[in-house]
Amino acid sequence: AGKGTPELDSTRQGIIFGLTCESSSRDILKALLESLCFETRRNLDFLEKNLSVNFGEVRVVGGGSRSHYFSRLKSTIYGKKIVFFDFPDLSAFGAAVLAMAGVEGWGKALGVLDHFQEKARIFEYSSENKSIYEQKYHHYLALGQTLDRCLMDYSFLISKETF
């Protein structure tokens, strides 16, 4: 799918960097989850800088968010509290709350939201591994910038043609 926000370049390809003969499938999965968190953090950092805001928490939904490990990892890498709403179809629920607000007013709709807020699972930010992930994040950004320059300089090497 290419490189996502904020650059949006559909021609980009991904890499796995640092593999050794000792790398396991567990190592690759962990690296994948970390990279997802690093990309989301890039977006959070971009938004906070450009909107002059500080997000105190990140609210998450969906299947992947049910993983305690992944939610703790997000919290550590983002440096923020993670709030998880275990709701099967949040899009339909959101549409229903908006419809309720249109008919009944925001008071009742916000009351419904407060009820679900009480049931949210919260992963508090812990600084235990923060320095390790802070260093990994900055290496990730530096590697990305280096690869961007290399890909621009050597784009002729990237070809989908076969010999």
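Modeller: We may begin with a pair of residues: the bridge partner of Val58 in β2 is Ile82. This is a predicted model, in which local features need pLDDT of at least 70, side-chain atom pairs count only at pLDDT 80 or more, and totals for chains, interfaces and linings use all residues. Residues are numbered from 1 along each chain as its sequence is written, and side-chain values use heavy atoms, with hydrogens and water left out.

Biologist: In what sense do β1 and β2 pair, and over how many bridges?

Modeller: Two strands pair if DSSP finds at least two bridges between them. β1 and β2 have four bridges, in the parallel sense, and therefore meet that requirement. Strands are DSSP runs of E with at least two residues, helices are runs of H or I with at least four, and both are numbered from the N terminus.

Biologist: How confident is the prediction, and where is confidence lowest and highest in the protein?

Modeller: The scale is pLDDT, the predictor's confidence in each residue, from 0 to 100. The mean for the protein is 85, and 93% of the residues reach 70 or more. Helix α4 (residues 106-118) is lowest at a mean of 81, while helix α1 (residues 25-51) is highest at 95.

Biologist: Which face of β1 is covered, and which is uncovered?

Modeller: Val58 and Val60 make up the covered face, whereas Glu57 and Arg59 make up the uncovered one. In a regular strand the side chains alternate between the two faces of the sheet.

Biologist: What makes a set of residues a nonpolar core?

Modeller: The members must be buried Ala, Val, Leu, Ile, Met, Phe, Trp, Tyr or Cys residues, joined through side-chain atoms within 4.5 Å. The largest such core here has 15 residues, and those with the most contacts inside it are Cys37, Val58, Leu73, Ile77, Tyr78 and Ile82. At least two residues each come from α1, β1 (57-60), α2 (68-78), β2 (81-84) and α5. As for α2, eight of its eleven residues are buried, among them Leu73, Ile77 and Tyr78.

Biologist: How many aromatic pairs does a search of the whole structure find?

Modeller: The search finds two. Rings of Phe, Tyr and Trp (its six-membered ring) pair if their centres lie within 6.5 Å; planes under 30 degrees apart are stacked, over 60 edge-to-face, and the rest tilted. Phe38 and Tyr137 have ring centres 5.8 Å apart and planes at 45°, so this pair is tilted. Phe38 is in helix α1 and Tyr137 in helix α5 (residues 130-153), so the pair ties together parts 99 residues apart in sequence. Both Phe38 and Tyr137 are buried. Phe38 also forms a tilted pair with Tyr140, at 5.1 Å centre to centre and 45° between the planes. Phe38, Tyr137 and Tyr140 form one aromatic cluster.

Biologist: Why is Tyr140 classed as it is, given a relative accessible area of 25%?

Modeller: Tyr140, at 25%, is partly exposed, because that class lies between the limits for buried and exposed. By contrast, Phe38 has 4% relative accessibility and so counts as buried.

Biologist: What lies over the face of Phe70?

Modeller: Lys74 does, at 4.4 Å from the ring centre. A charge sits over a ring if NZ of Lys or CZ of Arg is within 6 Å of the ring centre and within 35 degrees of the ring normal.

How values were computed:
Buried < 20%, exposed > 50% of the residue type's maximum accessible area, 1.4 Å probe, protein only.
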